[in-house]
Amino acid sequence: MGENIGGRTALWDALPGYDLIEEVDLPEMHSWFLDATHSVPPWTPLFGWYWIRFCCHGMKVVCDELSIPTCKGWEMRYRDGGSYNAFHIVRDKKEIAERAVKFRQALRPWIENFDGLWESGKRELLGMYDKLKAIDLENASHVELYRHNYDLMNTYRRMFEIHFLGMYSSYSAWLLLEDLCKERFGMKDQDPEFQDMLRGFNNKVYEMDKSLWDFSQLALDMGLKGIFVQNKPDDLRAKLEMSEKGREWFRKFMHYLETDEVGGWRMRRMNDLTEPYWLEDPCTPLGVIRNHVLKETEDVFGNVHAELSKNREAAVARFLERVPPPERPFFEGLINLAGKASSYSEEHDLYCELISHALLRRGYLGMGRRLAKSGTIDQPDDIFMLNPDEIDRVLMVPDRHDLRFITRRRRAEWLEWHTRPNPPVITDRSGMEEAVAMDLLPSMDAVAMKIVVGELPEHKPELGADMFGICGCAGEVEGPARVVVNYEDLKEVQPGEILVCPGTNPAWTPVYGMVAAVVADRGGTLSHAAIIGREYGVPTIVNTFEGTAKIKTGQRLRIHAAEGAIFILDK
Amino acid sequence: MSSEKQIFWFEELEEKHNDIVGKKCANLGQMVHLGMPVPPGFAISIELYRRFLDLSGAAKEMRSYADELGDLKGVGIGTFDEVSRRLQDIIEEKDMPAEVRDPILRYYEELCERLDMQDASVSVRSAGTESRPGMFETYLNVIGATDLLEKIKKVWASAYTPRAVAFRVNKGFPLIGDELGVAVPKMVNSRSSGVSFTVDPVTGDDTRIILEANWGLGEGVVSGSGSVDGFVVEKETLAIVNRHIGQKTRCVVNREKGAEWVDVPEKMQHIPCLADEEVLEIVKTGITVEKRLGCPQDMEWAVDGDLPFPKNIFWLQTRPAKVQVKKPVSTTDQIIDLLAKRYQ
């Protein structure tokens, strides 16, 4: 078990208790599924430590608080930068029935007052974030920095405890609605008829996207088009500062980033700490605004949203006509709750992950600067190669410690992980199908099935397609492929191209105004790519597994999203 | 109760006499004790029915015929018709022995005296010990001794209608079975009749009472034919929350002898067959009885055209309603229920 070094067995490396050890973890859980929606590209150790420990904890909390009948919680392990997930499935019928009794009670407040409960969760988190923001990292004493390490852990733990409650109640309603629609009307959650009833909602993410677009219009109104057109995002700030109008515009913009509830406290890349947040580097939102100016994009959200909202009401009305009158109030209530899944999916990303990750980056870079100064590590962002226990060990007397033997090795490993993708499942079953059937599906876990692992695509040989995924948003288009694996490559995307990527996250929404379609390697009908696709009216296919591996930038593709089919026209 | 007494006035009976006089008769006695106005009349015990079968020789004949037949399980309808006809003939062709006839006529005479009528018009209703709605016969508007005796025999014979025979054979019960009591209440001169449920029989909502009514006899309502008046009354407030005036094109009325379906005069089709005060009186009694008996009731009543309100309302039957009482389930509860069931 583990590595034998000088006569002693090494159990864990970066994540004590949470590194995957096949000899123990396979017999215990049998199948471990890669969370490719979140952990591609591979995670740094510090981020992995946080997510795997506290997200896993959050899952256990929700399964406990809501008493999910068939699942007691998840397990998560870290391997080569990937997050591997397994599920504590309850199989004993009697135990399932007992848990169901408490489940009914626990669910009631979420059905009756979803918005109120989520609102109070948000308030609690924003209060904790404010406390974290208060520390002056450059001038803090060693002890204050030391405590900040623990304050970050505490906040992040609490964030994940809140994170899943709204998710499970609304996603369960989505699954129930899907079951009933399938049973009664032969409708699946990939069918446009179903999806149209559950899109066209407003939430904070769209509001912020709209605000950025508004700033692009303000720039045009203030005659700043030239500055935006002639300068790359990295140079924009300096150039704007050179003119009075430019300074005025920029001041207004920074004010928004600083004072909005979320504002600039959002990471460019959601799932790791390696890229800046907007307040740190306004180049990111400036780049988005520049894009709107350059390409004269329309108010994508405004135009499309109003229509989607109207369509939603019409789709719901049409659906209710197929339902016997005594059952209509029930279906209306269920559709309403399932609709929350869409908004919650986006909003929780902002208020939970994006802000707290920004605060993690800020706090740990502050510690990193301190440790780099004292020579404990080579450069500030090497701190992402350490875990909080290792940081704890050195923070009080940094000049007496040298951790480069750890950080250099881990960085080399981390870079190496980027060269080879992680397998989708590690299992002692006969293969993916058996693993899914035995160790995933019986959990009835909405998040596992609809986001993290996603449903397996159906191969329809009669269509003659080259690749299959599941439908996130219906539509048929043709266009050139643009394969994007990292956020930096996103700026290469041209209007009319078909985005092929591992998955998407809120940082990527600005590109939805330009692309003809989106093809994602992983995800389910409730993952980000699918939800945004539906809200922006962009045909989307998810969970192809092999899109970024098989498709090349420039290849012409035809997408038939409702069938989950991708045709590579020039091979 | 002495075994000499074979016939009882309704007021002498209680629920516990079910096995002696049959359910319907015991029920009428129970209603009297509940303070519900019931048409005056008497009940013929099952024992007297057995005496008739024994003394007339019908019992012996029927038994040997049954032995001849052997096991009838799985036979077709044609056979049931034949067996039924044979057994009913055996009963109906027998004269009533004096020992059986005389007590019956004595009670009928006394009933006429009490009512101050020459030949009181009565109905002759089957009363088995088990509830078998519609399985046995009922005769309406029976007048005079001869008619009465004949109809009583026919009611006794109705233990062997094809339907009753088939029922017993298919259930594996003995062919010779279902001994019947007989209820003989005065005919109500029904201006209107109807049924009421103290829960909504469709939804199980127990906060309301549902009434259905038509002109004439209850047979024009119970049989479920034609369009009838419907009333929904909230128990708590006694408010009539729903009122449906049906197109009452046909109803059942008394004739010289018997009763039959007739057309309802045009001008009476669209007016309510019950006054609001009558509806409420019926509802109030329903609430009281449901409370006293501790379960939802399925009730029959008639409104006598000859008497003033409230004396004009008579009760003919009350029995436990075969409806599941459900509290109206909120949308939240329904969603929770189904969400939980997904996991099980």
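This is a predicted model: local features need pLDDT of at least 70, side-chain atom pairs count only at pLDDT 80 or more; totals for chains, interfaces and linings use all residues.

1. Helix pair in chain A. Helix 2 (residues 45–65) and helix 5 (residues 142–185) of chain A have axes that come within 8 Å and cross at roughly 45°. The two helices of chain A are therefore oblique to each other. Their crossing is right-handed. On the side of helix 2, the contact involves Tyr50(A), Phe54(A), Cys55(A), His57(A), Gly58(A), Met59(A), Val61(A), Val62(A) and Glu65(A). Helix 5 of chain A contributes Tyr156(A), Arg157(A), Phe160(A), Glu161(A), His163(A), Phe164(A), Leu165(A) and Tyr168(A). Sorted by class, the residues of this contact are eleven nonpolar, three polar and three charged.

2. Sheet in chain A. Chain A has an open, mixed sheet of eight strands, in the order 7-14-13-9-10-11-12-8. Strand 7 (467–468) and strand 8 (470–473) of chain A are at the edges with a single partner strand each, so one side of each has no neighbour in the sheet. Helix 18 (residues 528–536) of chain A packs on this sheet and touches strand 8, strand 11 (517–520) and strand 12 (540–542). The direction of helix 18 makes about 45° with that of strand 8 of chain A.

3. Strand 9 (residues 476–483) and strand 13 (residues 556–560) of chain A are antiparallel and paired over five bridges. For orientation on screen, Glu476(A) is opposite His560(A) in strand 13 of chain A.

4. Chain B as a whole. Chain B has 344 residues, of which 40% are buried. Its secondary structure comprises twelve helices and 13 strands. Of the contacts in chain B between residues at least 6 apart in sequence, 65% join residues at least 24 apart.

5. Five-stranded sheet in chain B. Five strands of chain B form an open sheet with antiparallel pairing, in the order 1-2-5-3-4. Strand 1 and strand 4 (138–143) of chain B are the edge strands, each with a single partner, so one side of each is left without a neighbour in the sheet. On average, neighbouring strands in this sheet are turned by 20° against each other, direction ignored. Helix 7 (residues 145–157) of chain B lies across strand 2, strand 3, strand 4 and strand 5, and runs at about 170° to strand 4 of chain B.

6. Strand 2 and its partners. Which residues of strand 2 (residues 41–44) of chain B point which way? Gly41(B) and Ala43(B) point one way, Phe42(B) and Ile44(B) point the other way, and all are buried. Strand 1 (residues 7–9) of chain B pairs with strand 2 in the antiparallel sense over three bridges, and Ile7(B) is opposite Ile44(B). Strand 5 (residues 181–185) of chain B is joined to strand 2 by four bridges, also antiparallel. In that pairing, Gly41(B) is opposite Pro185(B).

7. The other partner of strand 5. Strand 3 (residues 121–127) of chain B and strand 5 of chain B are paired antiparallel over three bridges. Here Arg125(B) stands opposite Ala183(B) in strand 5.

8. Helix pair in chain B. The axes of helix 4 (residues 58–69) and helix 5 (residues 77–92) of chain B come within 9 Å and cross at roughly 160°. An angle over 145 degrees counts as roughly antiparallel, and these two helices of chain B are therefore roughly antiparallel to each other. The crossing is right-handed. Helix 4 of chain B supplies Ala58(B), Glu61(B), Met62(B), Tyr65(B) and Leu69(B), and helix 5 of chain B supplies Val83(B), Arg86(B), Leu87(B), Ile90(B) and Ile91(B). These contact residues divide into eight nonpolar, no polar and two charged.

9. Hairpin in chain B. Strand 10 (residues 250–254) and strand 11 (residues 259–263) of chain B pair in the antiparallel sense over five bridges. Val253(B) is placed opposite Glu260(B) in strand 11. The hairpin has four residues between the strands, and Gly258(B) takes a positive phi near 80° in it.

Technical notes:
Residues are numbered from 1 along each chain as its sequence is written. Chains are lettered from A and ligands numbered from 1 in the order in which they are written. Axes are lines fitted to C-alpha atoms, for helices over the stretch in contact, and angles run from 0 to 180 degrees between N-to-C directions. Angles under 35 degrees count as roughly parallel, over 145 as roughly antiparallel, 65 to 115 as roughly perpendicular and the rest as oblique. A crossing is left-handed if the near helix is turned anticlockwise from the far one by less than a right angle, and right-handed if clockwise. Two residues are in contact if their C-beta atoms, placed from the backbone, lie within 7 Å. Ala, Val, Leu, Ile, Met, Phe, Trp, Tyr, Cys and Pro count as nonpolar, Asp, Glu, Lys and Arg as charged, and the others, Gly among them, as polar. Two strands pair if DSSP finds at least two bridges between them. A residue is buried if 20 or more other C-beta atoms lie within 10 Å of its own, exposed if 12 or fewer, and partly exposed in between; C-beta atoms are placed from the backbone.
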